[in-house]
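Subject: A structure for you to explore

Hi there,

Here is the structure I promised to pass on. Have a look at it first, and then read my notes below.

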Amino acid sequence: MTRETHDEYEYLRHTKKFPNVWCSGCGIGIVMAALIRAVDRMELNKDDVAVISGIGCTGRMPVYLDFNTMHTTHGRALAFATGLKLAQPRLNVIVVMGDGDALAIGGNHFIHAARRNIDLTAIVVNNSIYGMTGGQYSPTTPMDSLASTAPYGNVEQPMPICDLAIVAGASFVARSTVYHAIEMDRLIEQAIQKQGFSLIEVISYCHTTFGRINKLGTAVDMMRILKEKSISKAASDKLPAQELSGKIVRGVLCNQDKPEFTALYQQVIERAQQSESNKDITS
Amino acid sequence: MKVKLMQGNEAVAWGALAAGCRFFAGYPITPSTEIAEILSRELPKLGGKFIQMEDEIASLAACIGASVGGLKSMTATSGPGFSLMQEHIGYAAMTEIPCVLVNVQRLGPSTGQPTSVSQGDVMQARWGTHGDHPIIALSPISVRQSFDLTVTAFNFSELYRTPVILLMDEVIGHMREKVELPEAADVLRVERNGTSVPPEWYKPYGDTGSDVPPLANFGTGYRYHVTGLFHDQMGYPTQRLDEIDPWIERVHRKIDRNIHDITLFEEDGTQFAKTVVVSYGATARSARHAVKLARRRRSKVGLATLFTIWPFAEELVSRIADTASHIIVPEMNRGQLALEVERIAGRRKVTRVNQANGEMITPQMILNAIEAN
Amino acid sequence: MSETIAGKPATPEGSSEVGITAATEKRKGPRGKIVIFGTWCKGCGICVAFCPTGVLALDADGHPVVVAPEKCTACHWCDTHCPDFAIVVQRTDE
């Protein structure tokens, strides 16, 4: 078991410089550790795992991982991943993105990857801000919060990431937080195993930008907020809607079996080859 | 393959398959759509993959992802889509991932006239994406050549680990000519130069002396990092000048040192002619006819037809400029490749024959320029 | 000196209030040994703030040090929440 034998370190690139690039206390490193634990528990071969990212702080994750890794362009990681997955359907393709990368510039690709139900595992680290560029508001910044480009308060409704994925057609949708790291790796494992488009929204925080401008304190303080604001799906089901306002609901929100895109395309290939060989017979 | 009446776009599709293309991701756009439609039908028959992505940006991204996964990949588009693809052309150039991008040029700018021809994307093919990067762009003048240059495009992209643009135009794309295409088995294909060192020793951007690092496919036991950031030989992001400077030199050198193999062209009577026409694409058809007419009238005129647009055939044009006193450059734009000719030709007179309204430049227009001397 | 069977505290006579502190008191010594990789640690303080039994504290430079090793229950909260892979808990009771 990972935590006892400390196999996590075997999944980090030994030739890469550590400590990692993220700010002290950033939740992205916690997500990376959970991802490693999930892969380790599943005993996946490293050659069979690909991690693809977009641009932003979360985008800096793949380089640390000893898998097939790609750091692509802003918002387009799911499109690159679609090509790779079609070329090598046996690969476990994991796509890590921030909230701005996945839902703003990447919104269109997010919707279509879910719509196709292609067997990718998307992990969106949602810290409600554009951290890398200094704290501009993102599609998930709460109303009235301050940001460097919302000095008078944000007046845009935040995007419900999980709802969007479910409606667009994803097979498996779950949410966790970086406080709930132990639960997170189980969800990631489920997501990778699921045949179809899986989304894990991980609520994190950026104390460096969002936290500072909204006076929310240190990484420890913001971690504590996650603990206090979150509630399990099972518990939330028992509460009336008005009591859920401001709460982060954790757990599996959607888990359905639907036809997966690369499997369906394989059927297309069989049909095409069948009709071609029929033509040869009759001609 | 037997003799067929075939459309240029269709020849591109067959050329891609003959070159070993097994992945196409694209978005419909006039006048390139036939390429996508044909490949959607033919690729799965060969076990290849076709996908219509949600936009052109995603299309080229998917091609690059599939290429790293080991499949020769292609996309096809026209002006507006070509504009959208620029970021990923730069990404493919920076990460040195092979892919082929067909741009069937139509009249622009903007929506322009989807069913009319132009050669308006020549400079965009060179400099559309930001930053200094080399690029290869080829332009066929016939249906048969559309097949051949598509194969060449794939071969160049694997040989030099670079994106290659096939600069078609709407006339060549939609015209039909009689062709007899070679069997796929008879076509010369360059296969990916995989690495032959043990995985722990593999450097995805290491210099092996040829300036082109061998490319191992994802999922084959070689795990490495690909990024659009400036990177070192391991593919890790770097800000060190002693890693960035050599990379810049190597990536430009890999094209420059092979320029003789890359710049494809045809010369006809250019050696001692005082007047030479330099043309490409559909306009080369008019130029050929104009030169024929001029010679019937005893004009001593040469014709140079460029099949490689980028890198520019500097040596050829320089040589022509040594002996010719008048160089004519007809193009369906307001003078794009002419800028390169003028740069090289120095004090020689360069006449532009331009039209950028969707109509073809006629042989008469070029003949007028030849005889206006 | 009650013997315990993996995780279950024995219940000696008179100790009806068996809670977490009782469980750790019954244990002889810690369940886990903490290793901190100082070069990778950025001193965020997460491990110190959330350790359930107060094994860790911040030193003068803001970096974690083990101050109560005997209290470690090997719950692994710290090493699953360290963003920098800078702390590891090795189980010692097997």
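Two residues are in contact if their C-beta atoms, placed from the backbone, lie within 7 Å. This is a predicted model, in which local features need pLDDT of at least 70 and side-chain atom pairs count only at pLDDT 80 or more, while totals for chains, interfaces and linings use all residues. Residues are numbered from 1 along each chain as its sequence is written, with chains lettered from A and ligands numbered from 1 in the order in which they are written.

Let's start where two chains meet. Chain A brings 23 residues to its contact with chain C, and chain C brings 16. On the chain A side, α2(A) gives the most, with four residues. (Helices are DSSP runs of H or I with at least four residues, strands are runs of E with at least two, and both are numbered from the N terminus.)

Now for a helix pair inside chain A.

Finally, chain C has three helices and four strands, in the order α-β-α-β-β-α-β from the N terminus. Of the contacts in chain C with a separation of 6 or more, 50% join residues 24 or more positions apart.

Enjoy exploring!
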